[in-house]
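Please look over the sequence and structure first.

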Amino acid sequence: TLPLVALIGRPNVGKSTMFNRMVGRNRAITHDRPGVTRDRMYGEVRRKGERDFGLVDTGGFALDDAGESVRWDAKGPEGLKGFEAEVYEQARIALDEADVLVLVVDGREGMSPLDARLADHLRGSGKPVLLAVNKVDGEERESELTAEFYALGLEPIAVSAAHGMNMNGLLDAIRERL
Ligand code: GDP
Ligand code: MG
């Protein structure tokens, strides 16, 4: 079986965009874990001459106040009490099953307290943790947008999942840790 890499982060930072860009067509086997109302998206990242790996997008679905499964991407975190708990739950599953953890943060939005708590949490696993600072859409503001994330104690890798900037840099960093 392939080594597994998990994308972890709060809603709206760009995990699904990143997942889709990395996985391309080798995508979207949805695993429904029995008894858990959460869907997780798995795919495979393959490139000729490079090590293949599995990728899991830990976002996607959460429980709303009525216990219904809703897409937090569509609804946004405002509509979801307890979305932080869901992020932690997804992180916990990823910590168990993944070999490499990628914490995804939003360079435009800046650092949030949840980013810091997640970083601590992931680092505590002893597994390799990478920090992808997403939404750095152009090189001119790169150092400005990444600077504050050094406080997380991880080397920031600036990327733009939407525009494809430095996604190869991120893929190289992942493969070095497989
Ligand atoms: P998720 O909740 O972490 O899965 O985030 P999504 O992948 O759904 O993206 C959330 C929003 O951020 C969407 O509107 C995306 O189009 C946008 N987005 C994702 N990546 C980038 C990026 O690199 N640059 C910019 N400017 N927007 C992005
Ligand atoms: Mg998503």
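R175 is partly exposed, because 17 other C-beta atoms lie within 10 Å, and a residue needs 20 or more to count as buried. R175 belongs to helix α6 (residues 167-176). Leaving aside neighbours within four places in sequence, R175 is in contact with E50 and R51. Between R175 and D120 there are 55 residues in sequence and 23 Å in space, C-alpha to C-alpha.

All of this refers to a predicted model. The scores are ipTM 0.99 and pTM 0.86. The average pLDDT of the protein is 81, and 75% of the residues score at least 70.

| Stretch | pLDDT | Contacts in the model |
|---|---|---|
| residues 29-38 | below 50 | 10 contacts |
| residues 69-77 | below 50 | 22 contacts |

Which residues are closest to ligand 1? They are G14, K15, S16, T17 and A162, out of 17 residues that surround ligand 1. Helix α1 (residues 15-23) gives the largest share of this shell, three residues. By type, the shell around ligand 1 holds nine polar, four charged and four nonpolar residues.

Strand β4 (residues 53-57) is largely enclosed by the rest of the structure, because five of its five residues are buried. In a regular strand, side chains alternate between the two faces of the sheet. In β4, F53, L55 and D57 point one way, whereas G54 and V56 point the other way, and all are buried. Strand β1 (residues 4-8) runs parallel to β4 and is joined to β4 by four bridges. Opposite D57 in β4 stands L7.

In soluble globular proteins, nonpolar side chains tend to be buried together. Here the largest nonpolar core has 40 residues, and those touching the most other members are I8, L101, V102, L103 and V133. Strand β7 (residues 100-106) supplies the largest share of this core, six residues. What does L101 contact, leaving aside its neighbours within four places in sequence? The contacts of L101 are A6, I8, A94, L122, S125, K127, P128 and V129.

Notes. Residues numbered from 1 in each chain as written. Chains lettered and ligands numbered in written order. Predicted model: local features only at pLDDT ≥ 70, side-chain atom pairs only at ≥ 80, totals over all residues. Near = placed C-beta within 6 Å. Helix = DSSP H or I, 4+ residues; strand = E, 2+ residues; numbered from the N terminus. Nonpolar A, V, L, I, M, F, W, Y, C, P; charged D, E, K, R; others polar. Core = buried A, V, L, I, M, F, W, Y, C linked by C-beta atoms within 7 Å. Buried ≥ 20, exposed ≤ 12 C-beta atoms within 10 Å, placed from the backbone. Contact = placed C-beta atoms within 7 Å. Pairing = 2+ DSSP bridges. pLDDT = per-residue confidence, 0-100.
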